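Reader: Could you walk me through this structure, with the cut-offs behind each term?

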Amino acid sequence: MGKAAKFIAIGAVAIVFALFIGWWQVDGPGAGPVSGERPLPLTAMDFNLTDQDGADVSPASLIGQPSLVFFGFTYCPDVCPTTLSDISGWLDDLGTEAEDLNTILITVDPDRDTVETLAEYVSYFHPQIQGWTGSEDQIADAAEGFRATYEKVEGADGGYTMNHTAGVFLFDATGRFVSIIDYHEPREFAVPKIRRAMQDRAEGAES
Amino acid sequence: MFKVFAKGFLGLAVALVMNLPTMSAAQDASNDTLISVENPWARASIGMSRPGGAYLTIRNDGKDTVSLVGLRAEISGMASVHETRTNSDGVSSMTPAEDIAIPAGGTVALEPGGYHAMLMQLQSPLVEGETFPLTLLFSDGTELEVNVPILGVGARGPEG
Ligand SMILES: [Cu+2]
């Protein structure tokens, strides 16, 4: 084999391998939660919360458009601003494609994250990001549907922090759970996952 | 950019007390350290009630491993290094970090999702566009003060 032919052959193998890895992580067996239970479909969830504008919201508010939903709290210095910044970046990448993507932060710290607090906080990120809160029981109901967990942990300074499920849940427009984007997942994996959830919507609309 | 070098205060003090001829003598001491910090940044805070977070990369050009053992900052009533961990169920938690060893010739990054400088009890808000001094305390006695630029609330890295 000539040197050039050899080079091309190796290149082709590398490309096929890269495509396979991409498929594996985005659509293949590598997709979805590593462990733990999958979230219910939005249509099977039952909770009532309040959005950043004070309006009543529920899982039904999300049906009809694909959705990104994640849990967090505004007193979080690392994971939550990183997630909100990552999501803002994905939405920027998707541009007008993502215009009708529901993007929801549900707080796990309703004591501190009031409607007003959340409204101010989300205003610092992509304008599409909403912040939902409620009573402790309402938050517990929501987390139950998403199979998300959270826990209050006392801090050294007399304050407290919250451990919580950090992945971003992706649902298609019919409310079907599509996949999880793991915490701080690179955007070359995250953005194709969101595109897939949005394609599912197009298919759903046709059928 | 934002590269700061520090000499071990201890070595310097010893050099002065022993009346060694030049400062370079202290730099040549075998247990000397040469630690630098690159790309420090913090996110602006919303008010003062929430803890702030800052990030940076530490480089150790010395001959021995040194550990980051603590932080001090006037802007924070309680500054410490925290570590974020995400378990196999995708649950993230944040705990005070153990001492962080930086091997000779190596670097350690405080970056989103890993280590962060946790600035509790903010004494004044972290205002975008300003900087604040943060002192890193090392196991060999080195105290390194860094000026940390404050970026936007939604900053993703040292470039904004
Ligand atoms: Cu922290």
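**Surface, fold and backbone**

Author: A:Asp46, A:Glu136, A:Asp137 and A:Asp141 form a negative surface patch. A patch is made of residues with over 30% relative accessible area and no salt bridge, with like charges joined within 9 Å and nonpolar side chains (Val, Leu, Ile, Met, Phe, Trp, Tyr) within 5 Å. A salt bridge is a side-chain nitrogen of Lys or Arg within 4 Å of a carboxyl oxygen of Asp or Glu. Asp and Glu count as negative, Lys and Arg as positive, while His and the chain ends are not counted; a charge is placed at NZ of Lys, CZ of Arg, CG of Asp or CD of Glu.

This is a predicted model, in which local features need pLDDT of at least 70 and side-chain atom pairs count only at pLDDT 80 or more, while totals for chains, interfaces and linings use all residues. Residues are numbered from 1 along each chain as its sequence is written, chains are lettered from A and ligands numbered from 1 in the order in which they are written, and side-chain values use heavy atoms, leaving out hydrogens and water.

Reader: Is A:Asp137 buried or exposed?

Author: A:Asp137 is found in helix H4 (residues 136-146) of chain A; helices (H or I, at least four residues) and strands (E, at least two) are DSSP runs numbered from the N terminus. Buried means under 20% relative accessible area, exposed over 50%, and partly exposed in between (1.4 Å probe, protein chains only). Because its relative accessibility is 60%, A:Asp137 counts as exposed.

Reader: And A:Thr83, buried or exposed?

Author: A:Thr83 lies in helix H2 (residues 79-94) of chain A. Leaving aside neighbours within four places in sequence, A:Thr83 is in contact (heavy atoms within 4.5 Å) with A:Phe70, A:Ala166, A:Val168 and A:Tyr183. Its relative accessibility is 6%, so A:Thr83 counts as buried.

Reader: How many helices and strands does chain A have?

Author: Along the sequence, chain A reads α-β-β-β-α-β-α-β-α-β-β-β-β-α. The secondary structure comes to 5 helices and 9 strands.

Reader: What is the phi of A:His184?

Author: A:His184 sits in the loop between strand E9 (177-181) and helix H5 (187-206) of chain A. Most residues other than glycine have a negative phi. For A:His184, phi is positive, near 60 degrees.

Reader: Where is B:Gln121 placed?

Author: B:Gln121 has a positive phi near 50 degrees. With a relative accessible area of 39%, B:Gln121 is partly exposed. Its place is in chain B, in strand E9 (residues 115-122).

Notes:
Accessible areas come from the Shrake-Rupley method with a 1.4 Å probe; for residues, only the protein chains shown count as cover.
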